[in-house]
Amino acid sequence: MSRDNELKPDDFPIQADKDKLRTHKGEPVAVAESEQIADEIADRLNEHAHLEEQDRWSA
């Protein structure tokens, strides 16, 4: 993944739209094998981004 394709803090929260992952602005991020997997990926990405944000504030 090149730097241009990396997720940035303003891309969050990531949303699952059936089997597709999108930024909160509706920009496509990825396609998963199923709706359930897309939901799981979105949850994990959002949780990770939230923890990184907390780490920045606590430092």
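Colleague: Where is the place of Pro13?
Modeller: Pro13 sits in the segment before strand 1, where strands (E, at least two residues) and helices (H or I, at least four) are DSSP runs numbered from the N terminus. This is a predicted model, so local features need pLDDT of at least 70 and side-chain atom pairs count only at pLDDT 80 or more, while totals for chains, interfaces and linings use all residues. Residues are numbered from 1 along each chain as its sequence is written, and side-chain values use heavy atoms, with hydrogens and water left out.

Colleague: What kind of peptide bond joins Phe12 and Pro13?
Modeller: The bond between Phe12 and Pro13 is cis, with omega at about 5°.

Colleague: And Asp11, is that buried or exposed?
Modeller: Asp11, also in the segment before strand 1, is buried, meaning under 20% relative accessible area, as against over 50% for exposed and in between for partly exposed (1.4 Å probe, protein chains only).

Colleague: How far apart are Lys8 and Ala49?
Modeller: They are 41 residues apart in sequence but 9.4 Å apart in space, C-alpha to C-alpha.

Colleague: Switching to helix 1, which of its residues are buried?
Modeller: Ala38, Ala42 and Ala49 are buried there, and the buried residues of helix 1 pack against strand 1 (15-17) and strand 2 (20-22). Helix 1 itself covers residues 35-58 and reaches 35 Å from its first C-alpha to its last, close to the 34 Å expected at 1.5 Å a residue, a span worked out as 1.5 Å times one less than the number of residues.

Colleague: Which residues make up the largest nonpolar core?
Modeller: It has five residues, namely Ile14, Leu21, Ala32, Ala38 and Ala42, a core being a set of buried Ala, Val, Leu, Ile, Met, Phe, Trp, Tyr and Cys residues joined through side-chain atoms within 4.5 Å. In soluble globular proteins, nonpolar side chains tend to be buried together.

Colleague: What is Leu21 in contact with, leaving aside neighbours within four places in sequence?
Modeller: Its contacts (heavy atoms within 4.5 Å) include Ile14, Val29, Ala38, Ile41 and Ala42.

Technical notes: Lys, Arg positive; Asp, Glu negative; His and termini not counted. Salt bridge = Lys/Arg side-chain N within 4 Å of Asp/Glu carboxyl O.
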